[in-house]
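Me: I would like to learn how to read a few features of a protein model. Please take them one at a time, with the general idea before the case.

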Amino acid sequence: MIGRDEVLHVALLARLAVGEEELEPMARELSAVLDHIAKMGELDLSDVPPTSHVVELTGALRPDEPRPSLPRETVLAQAPAVSDGGFLVPSPQA
Amino acid sequence: MSATDVLALSARAAADAIEAGSLAPRELFDAYRERAAADVSAGEDGLNCFTWVAPEPPTDDAPAPLAGVPLAVKDLFCTAGIPSQAGSRILAGYLPPYTASAVSRLTEAGATLMAKTNQDEFAMGSSNENSAFGAVRNPWDRERVPGGSSGGSAAAVAAGLAPWALGTDTGGSVRQPAALCGIVGLKPTYGAVSRYGMIAFASSLDQAGPLTRDVADAALMLRHMVGRDPCDATSLEFPEAIELPSAERLDGIRLGVPQELTGEGIEAGVLDSFGATLALAQELGAEIQPVHLPHAPHALSAYYVLAPAECSSNLARYDGVRYGYRAPDPKDLLDMYTRTRHDGFGAEVKRRIMLGTYALSAGYYDAYYGRAQRVRTKIAEDFRTAFAAVDFIVTPTAPTVAFRLGEKTAEPLAMYLNDYCTVPMSLAGIPAISIPGGLSEGLPVGFQMAGPAFSENRLLDAAHALEGAIGFDGAATRA
């Protein structure tokens with residue numbers, strides 16, 4: 001069972017604010033899913049290699065040739081705030 | 001041609017009619033665009049399939065294989081200058097600077113982008129109730145869900161609001177809504193279709209796939225999507241051209257029925273329909289035999305570690321800096337990040353980010369992520385072993401028919417069980433198709449067939465033969 005402190009710790013790692021009223025439901029839902037997932041613990045997997053990618057790939061790299069990137073103004077056009085040709089964000093330590 | 005005649009055509013038949021000169025591309029486009037626009041105007045009384053409909057028809061009618069057949073595309077595909085929001089508030093109004101490769105390949109082949117379709121937020125869901133743009137309704141019963149996450153794509157095709165649609169499948173998101181809406185949905189072999197420009201959920205699983213009225217349309221769309229793309233290092237050259245299916249018999253085809261996915265947890269009416277389809281397959285000459293996928297019952301657990309883990313990493317990019325929503329009046333950078341993500345993401349997306357972050361956090365990595373990756377290895381092995389004895393594995397696509405709106409929203413785990421029969425194939429990266437097998441309680445039941453990697457041509461052929469014998473009629477929902 002996940003507790004509220006653990007929810008707050010994971011939420012900070014995930015950069016997610018969690019409201020006071022959201023803590024208990026989130027802890028309960030995560031615990032229920034983790035309980036279900038725990039069934040994997042029944043399997044003996046000691047000699048089994050992990051799979052991160054199912055299709056065999058060789059030579060996946062393309063030649064490293066310079067090509068134009070998107071124009072700066074196109075990229076900045078979707079930003080919530082810009083300044084001097086860059087993305088504007090609040091100070092890390094206000 | 002009358003509008004009714006036009007709407008009765010499959011995408012392939014429409015392309016043929018255009019090529020033969022008996023149908024103008026503009027006439028076809030307008031017929032569907034009007035219906036799609038009417039669904040949007042209907043608001044609460046509509047199905048809520050679309051997040052965008054083309055304001056006007058395209059001007060370019062140059063001859064091409066897909067000859068101007070209108071295409072509906074799931075919201076999460078980037079389309080240059082057209083809203084691409086992945087069903088999320090955090091991307092509301094986002095206009096990408098480029099177009100996804102799967103979409104541009106289809107439009108280069110002559111398809112015309114007609115609409116973007118509603119979906120579960122970031123493709124996380126099995127009911128299309130997790131969309132920031134509202135739930136989609138099932139055209140078979142408006143009080144029921146269309147399935148998800150490609151629910152808008154499935155409902156639009158089933159309701160005749162689009163001739164065909166593009167979706168994505170991570171753990172069943174093409175196949176399950178296709179099943180619940182009574183249409184065809186194909187998840188190709190992982191890597192067959194480029195993921196470039198698909199807003200990512202779980203990169204080792206995400207794959208684009210067609211949602212269509214029939215199997216031939218699925219083959220036609222797939223033909224124009226596959227292939228290596230330098231912009232996606234995990235894409236592969238498909239080893240052969242995708243052919244239009246023509247088989248009418250299944251002589252000598254061995255169909256394997258895994259007891260692990262055809263027993264407990266599957267609704268009785270769904271199992272009845274599944275049995276009836278197996279009997280038809282046998283009449284067509286197929287041999288039915290039991291197979292074992294001993295690790296399949298653990299697939300869902302592995303999936304609900306791996307997919308959230310990948311999602312927690314992929315969705316780190318939504319931070320209010322470069323695009324999308326930013327929370328107002330942040331007091332500092334951390335406050336901006338955490339409130340932007342709190343307000344911008346819906347409940348299910350947050351739940352999965354939390355689950356994935358937890359599974360990847362210090363002290364838990366081996367117990368969850370490492371273990372899930374090993375289960376994945378065993379599941380892929382199970383399929384390889386089974387395919388030594390049979391040509392295809394067949395199961396019901398989903399454990400139930402379409403359920404009522406709101407029925408499963410309170411219990412995440414109950415919702416996740418929808419993916420029980422589709423997730424194993426996703427983890428193994430193999431192709432799988434859902435075709436309508438019949439009705440149970442007046443609602444469609446999907447029949448799923450899966451084959452080895454790159455067996456799409458054989459799979460489509462077998463599905464086509466079976467489709468002919470089933471003779472499913474979806475015309476009523478297109479009226």
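This is a predicted model: local features need pLDDT of at least 70, side-chain atom pairs count only at pLDDT 80 or more; totals for chains, interfaces and linings use all residues.

## Reading contacts, interface and core

Reply: A polar contact of 3.1 Å links the side chain of Ser84(B) to that of Thr79(B).

Me: Where is Ser84(B) placed in chain B?

Reply: Ser84(B) sits in the loop between strand 2 (70-74) and helix 4 (101-108) of chain B. Its side chain also reaches the backbone oxygen of Ile82(B), at 2.9 Å.

Me: Is Ser84(B) buried or exposed?

Reply: The cut-off for buried is under 20% relative accessible area. Ser84(B) has 0%, so it is buried. Beyond four places in sequence, Ser84(B) touches several residues, among them Asp75(B), Phe77(B), Tyr94(B), Lys116(B) and Ile199(B).

Me: How do I read the interface between the two chains?

Reply: Begin with area and residue counts, then turn to specific pairs. Chain A and chain B bury about 5,100 Å² between them, with 71% of it on carbon and sulfur atoms. Chain A brings 54 residues to the contact and chain B brings 61 residues.

Me: Which residues of chain A does Ser301(B) touch?

Reply: Ser301(B) touches His36(A), Ile37(A) and Met40(A). A polar atom of the Ser301(B) side chain lies 3.4 Å from the backbone oxygen of His36(A). Ser301(B) is in helix 9 of chain B and is buried, at 2% relative accessible area.

Me: How should I read the salt bridges?

Reply: Side chains of opposite charge can pair when their charged atoms come close. Over all chains, the structure has 17 salt bridges. The count between chain A and chain B is 1: Glu29(A) with Arg351(B), at 2.8 Å from N to O. Glu29(A) and Arg351(B) also belong to a network of salt bridges with Glu348(B) and Arg352(B).

Me: What separates Arg33(B) and Asp30(B) along their helix?

Reply: They are separated by about one helical turn, because they are 3 residues apart in helix 3 (residues 25-41) of chain B.

Me: Which salt bridge links distant parts of the chain?

Reply: Asp391(B) pairs with Arg458(B), with closest N and O atoms 3.8 Å apart. Asp391(B) is in the loop between helix 12 (366-387) and strand 9 (392-396), Arg458(B) is in helix 15 (residues 456-470), and 67 residues separate them. Asp391(B) counts as buried at 16%, whereas Arg458(B) is partly exposed at 42%.

Me: What about the nonpolar core?

Reply: In soluble globular proteins, nonpolar side chains tend to be buried together. Here the largest nonpolar core has 182 residues, and those with the most contacts inside it are Phe77(B), Phe122(B), Leu166(B), Ile433(B) and Met449(B). Helix 9 (residues 299-314) of chain B provides the largest share of this core, 10 residues. Beyond four places in sequence, Met449(B) is in contact with residues including Leu255(B), Phe392(B), Ile433(B) and Leu466(B).

Terms used
Residues are numbered from 1 along each chain as its sequence is written. Chains are lettered from A and ligands numbered from 1 in the order in which they are written. Side-chain values use heavy atoms; hydrogens and water are left out. Helices (H or I, at least four residues) and strands (E, at least two) are DSSP runs, numbered from the N terminus. Buried means under 20% relative accessible area, exposed over 50%, partly exposed in between (1.4 Å probe, protein chains only). Contact means heavy atoms within 4.5 Å. A polar contact is a pair of N or O atoms within 3.5 Å; within protein, one must be able to donate a hydrogen and the other to accept it, and residues adjacent in sequence count only if both atoms are side-chain atoms. Buried area is the accessible area (1.4 Å probe) that two parts lose on being put together, summed over both. A salt bridge is a side-chain nitrogen of Lys or Arg within 4 Å of a carboxyl oxygen of Asp or Glu. A nonpolar core is a set of buried Ala, Val, Leu, Ile, Met, Phe, Trp, Tyr and Cys residues joined through side-chain atoms within 4.5 Å.
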